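Please report on this structure. Cover the chain folds, the domains and the annotated site.

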Amino acid sequence: MTVDLDQYAKPGKSYYLALGLEGSANKIGVGVIKHNLGQLSSTNSAEVLSNVRDTYVTPPGEGFLPRDTARHHRNWVVRIIKDALKVAKVSGSDLDCICFTQGPGMGAPLQSVVIAARTLSQLWDLPLVGVNHCIGHIEMGREITGAQNPVVLYVSGGNTQVIAYSRQRYRIFGETLDIAIGNCLDRFARTLKIPNIPFPGYNIEQMAKKGKHLVPLPYTVKGMDLSMSGILAHIDQLAKQMFSGKKPPVDEETGEPITAEDLCFSLQETLYSMLVEITERAMAHVQSNQVLIVGGVGSNLRLQEMMQLMVQDRKGGSIHATDERFCIDNGIMIAHAGLLSYRTGQTNELWNTVCTQRYRTDEVFVKWRDD
Amino acid sequence: MTDHIVAQAQKILPNIPLSVVSQGAEALVFQTGTHPYCSEESLIHLSNASTFIIKYRPPKPYRHPKIDKQITKSRTIAEAKFMSKLSKLSIPSPDLISIDSINGVIWMGYKGKPLANGEISSLKNWLWWLEKQDDSASLCVSDVVEKVFLNIGALIAKLHLNEMIHGDLTSSNILLEENHDGVFEAVLIDFGLSSYSGLPEDKAVDLYVLERAVLSTHSVHSEIYNEWLLKGYNDMHLSKEFKSKQGSKKLVETIKRLEDVRLRGRKRSMLG
Amino acid sequence: MLVPTAEYSSPTGDHSFVPGDGPHTTNGKTTQISDIVVKAGGEDRDQPTEAKDTELGALRAQLTTLQDKLNEFLTQRMQRDKVQGDDIERRLLDEGYDGELSDLKRK
């Protein structure tokens, strides 16, 4: 049984077009997606007409503050929307709906983008569709990779969750008990004063490649959940010792001094082992053999490699990941998930478009699936 | 594919017939008719003596070898210690037979009984099976199910009152065994993440992990299931056995902390 | 010509805002990048575009002035409330506090 996705199709029109606006963290992204009538499938897949993004970048050692991030989004949103429409070769009147990220994320940036969405909706007389950011990642990942019913590892600056679908909800099986993986990496990058361009996690990954010594760090898996704040505190302490020159840490076996590269290497190996482990735990628990990695940290090649090694040891296992166009926050995923929602009749009245910083993945009723 | 892991296990356990029962996340579970040190004649005097379980934690190729060795060893030892302590306390769990911590092997007694559909009698499989049996859902919330959850809550309370933390409570890690009167009794398994602590925080996280697992895995009736679990947990704390051991004080501390942990989950900042 | 206005009302008094005579630009006083970023050596590549010489362009510029006036007024009010006014502003803007304002004041 499948859900009828064409009850709300406009008469005489054989396709849908949606504009998606994303701005829950330090990126503003706008995309236009096209669905043809009928079920989405490998022969009738969603078409990305445009996917434009701009990132708010801070100097080394600094995180992004909500007020400056919101300002970045405010001052770029119009230019990026114009760009996205131009690339897609569509105009406002061609669209079926305006989709926007309703949460979770940072309050001020979310608000600055929803104002743009509301304005467009009034200007072009189009319905608004509020989208849960995590659902955007999941649905776009499924569409791009063709993974039907995977266990999803969602790893980004603000989120760390292991998710699986059941009874019209994406349910959270495991998650962080304290800070998110991306946050942990970003904060360590600040301790080391690693540049934020293109993004801190990428630079940690490059440094980690040169690391040789594995420094023992706490390993804190609790069932399908994990904790990372203790690890961060521990490695921050090591970094401080290393910089100050007082009691600089040395490798247990060789007695060689520990370098910043070694710390990056150790942090990655430890954190990613934990992530892969909780993913495997969830797979065993729900008896699935597919994994989909989404979210910004999902672009880390070492994490993908480790996940691949895990999956190889499971019967019929397969791994699915997307490239940075889709796993790093973007507007197209909001357009795609929003359009799915729109096609099942879910739209938001203007009064119901308030953004929320905390919006759990399992709060969303997944009306477009009933498997 | 898992064949090469079976081959690895067979290399560590030469000439021991092994058949795969399940592939968990960290271990492969085998069934065997061979006991490591008792002769066949002496086995006759043991109950349930024809089948044993071998749990094998294979090296994980994704982990750095240093992390891997450390984890395999520490978890295997932790599990064996926990099992022996549980059996001293007469808390239902498999009997420890032998351990090889370097190779990640534990030999233990067999527990549980396959369900009608042939699957292992874990709480998870049983609840899923009940769900399939019955559209009206009354089977899923029957007195039998209630008793099982009360029983599990009480077992966890016993652990916690003895300052033992399971560390990995899910519906997969609780087996059900039918006793002579046809009553289901819960048996705890999988103690690789276990630890010892009297802190309300650790107990609360232990409960929270199970509560969340029930919510995500058995979502339709999760509310009542979790209620029953906590009732069983409560009752044990207030029972005669633990009255003199500050059971009620510990209960209040843990439940208060559980509320904090839940709130942390809901209010966790999503900021980058 | 379109002129934006704003109304503020509270139990302690009402206030109206108009952009005034100008000149108006899109480069507002209160909508600059944080000092922290500038001090850390960051450059500001997120300046708003200049207002076009059209009716909508003029509206944009006037709105920016109006926003400045509002922000200055609200900041003053928060400071006058003497309850760690600066802290409230920082927590609202930088830490993404999304609870009740009265809770913030009580702390």
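## Domains of chain B

In this predicted model, the centres of domain 1 of chain B and domain 2 of chain B, taken over C-alpha atoms, are separated by 25 Å. Domain 1 covers 3–109 and domain 2 covers 123–267 in the assignment for chain B; such bounds come from an automatic or database domain assignment. To the contact, domain 1 of chain B gives 12 residues and domain 2 of chain B gives 13 residues. Contact here means that the C-beta atoms of two residues, placed from the backbone, lie within 7 Å. The side of domain 1 of chain B that touches domain 2 of chain B has 7 nonpolar, 1 polar and 4 charged residues. In this scheme Ala, Val, Leu, Ile, Met, Phe, Trp, Tyr, Cys and Pro are nonpolar; Asp, Glu, Lys and Arg are charged; the others, Gly among them, are polar.

A note on conventions. Residues are numbered from 1 along each chain as its sequence is written, and chains are lettered from A and ligands numbered from 1 in the order in which they are written. As the model is predicted, local features need pLDDT of at least 70, side-chain atom pairs count only at pLDDT 80 or more, and totals for chains, interfaces and linings use all residues.

## Chain A overall

Chain A has 10 helices and 12 strands. These are DSSP runs, numbered from the N terminus: helices are H or I with at least four residues, strands E with at least two. The C-alpha trace of chain A spans about 75 × 50 × 30 Å along its principal axes. Among contacts between residues at least 6 apart in sequence, 77% join residues at least 24 apart. Of the 371 residues, 58% are buried. Buried means 20 or more other C-beta atoms within 10 Å of a residue's own, exposed 12 or fewer, and partly exposed in between, with C-beta atoms placed from the backbone.

## The annotated site

An unreviewed UniProt entry lists His133(A), His137(A), Tyr154(A) and Asp329(A) under "binding site". They span 197 residues in sequence, yet no two of their C-alpha atoms are more than 11.8 Å apart, so they gather at one spot. UniProt positions follow the numbering used here, feature names are shortened, and annotations may be inferred rather than shown by experiment.

Two of these residues are buried:

| Residue | Other C-beta atoms within 10 Å |
|---|---|
| His137(A) | 32 C-beta atoms |

His137(A) lies in helix 3 (residues 133–145) of chain A. Not counting residues up to four places away in sequence, His137(A) touches Tyr154(A), Val294(A), Gly295(A) and Met333(A). Asp329(A) sits in the loop between helix 9 (324–327) and helix 10 (331–343) of chain A. With that same exclusion of residues up to four places away in sequence, the residues touching Asp329(A) include Glu22(A), Lys27(A) and Gly296(A).
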